[in-house]
Number of protein chains: 2
Amino acid sequence: MKIPSKHIENAVDQIASLPGIGRKTALRLVLQLLSRSESEIHDFSTAFTQMKKHVLFCSNCGNISDSPICSICSNENRDHSTVCIVEDIRDVLAIEGTQSFKGVYHVLGGVISPMDGIGPSDLNINLLLSRIESGNISEIIFALSPTMEGDTTNFYIYKKLKSYDSLEFSTLSRGVAIGSELQYADDVTLSRSIVNRQPFIL
Amino acid sequence: MKIPSKHIENAVDQIASLPGIGRKTALRLVLQLLSRSESEIHDFSTAFTQMKKHVLFCSNCGNISDSPICSICSNENRDHSTVCIVEDIRDVLAIEGTQSFKGVYHVLGGVISPMDGIGPSDLNINLLLSRIESGNISEIIFALSPTMEGDTTNFYIYKKLKSYDSLEFSTLSRGVAIGSELQYADDVTLSRSIVNRQPFIL
């Protein structure tokens, strides 16, 4: 696909550099952008430079924020003794969306993945240790994805923390998803959900 | 999904304004952008403003171009007497990709679609008429999509042009796609392809 304009070509390259977007899709998006007014394009472009310039990471938990301490960490109505460890900012948004958790978070910024060259030192683990050192934390919830990398990271952090006698550890419950059909559940999930069966409550 | 930073929120809104991209995907893309360096973000942003500023539409055929006349219209080795009418710049790229067409194009910039409020006056049709008035054109190829809107547009243009005795009209051949299985072809296509069957050539 040879595009007869190097400016369009450049814009397509930039959009196609985003994960999961191919050049055909990128061209469709770029042509849609091209049909917008100059001020709309200006708004589109400055959104990203402004974001890079102004977005901060909470110095307590690693969440994104417009201030040095994020709105969750600075909220006095939340339970600061329960810390939920997540991989990514999107996991914070997903759990916040449920409105079922009143504790605080710690965002690792990834999981240990030797295949991708991500080791423990690339993650936000030291900040977690210093939060725990400062006391006041009584429960750690491991909420990483149930993958090999997530489990490795859980184990690594657990090893670092298990010497703290005051800490309780928990993890998200695993089992058959609500609303899903049993026959389509995978073997490991189904097996875990029958072994770790829960009391029946009407 | 309440994002705890208005700068990220704004960037997500901008990406989600692109057709076919929802807010969850937009957030994933924005967080990937956020992980880039400041100069990379700068390159990303300026690609679109530069494109809007510098891209021209060929004053002859409506194709995108970096110069007032596009590289296809200014190419003397092409057959300027055969004009292929297409809806969109992407159709030009698709046909050019086949390397099977040596004529020139006319890009309408859409098709007549009353449902979307697009009438003949919104399309690049007057420019086509003036190209034909100037003589030298002997064949018009209708290469619009085989949809109701495409057929309506074909018919509208044909009515405008049929009084020119010197013009021949053709359309892309319709039929079963090469490499596809017969049983999955839709009824209309299959019926057309058997009625308009072609001589068998080994």
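How many helices and strands does the secondary structure of chain A come to? Seven helices and six strands. Keep in mind that this is a predicted model.

Let's walk along the sequence. Chain A runs α-α-α-β-β-β-α-β-α-β-α-β-α. Now the overall form. The radius of gyration of chain A is 22 Å. For 202 residues, the globule rule gives 17 Å. The value for chain A is well over that, so chain A is more spread out than a compact globule. Along the principal axes, its C-alpha atoms fill a box of roughly 65 × 45 × 40 Å.

What about the inside? Of the 202 residues in chain A, 24% are buried. Next, contacts. Take those in chain A with a separation of 6 or more. Residues 24 or more positions apart account for 45% of them.

On to a meeting of two chains. Two packed helices are described by the angle between their axes and the distance between the axes.

Which residues make the contact? From α3(A), they are A:D43, A:F44, A:A47, A:F48, A:Q50, A:M51 and A:H54. From α1(B), they are B:H7, B:I8, B:N10, B:A11 and B:Q14. Sorted by class, the contact has six nonpolar, five polar and one charged residues.

Key
Residues numbered from 1 in each chain as written. Chains lettered and ligands numbered in written order. Predicted model: local features only at pLDDT ≥ 70, side-chain atom pairs only at ≥ 80, totals over all residues. Contact = placed C-beta atoms within 7 Å. Helix = DSSP H or I, 4+ residues; strand = E, 2+ residues; numbered from the N terminus. Nonpolar A, V, L, I, M, F, W, Y, C, P; charged D, E, K, R; others polar. Rg over C-alpha atoms; globule rule 2.2 N^0.38 Å. Buried ≥ 20, exposed ≤ 12 C-beta atoms within 10 Å, placed from the backbone.
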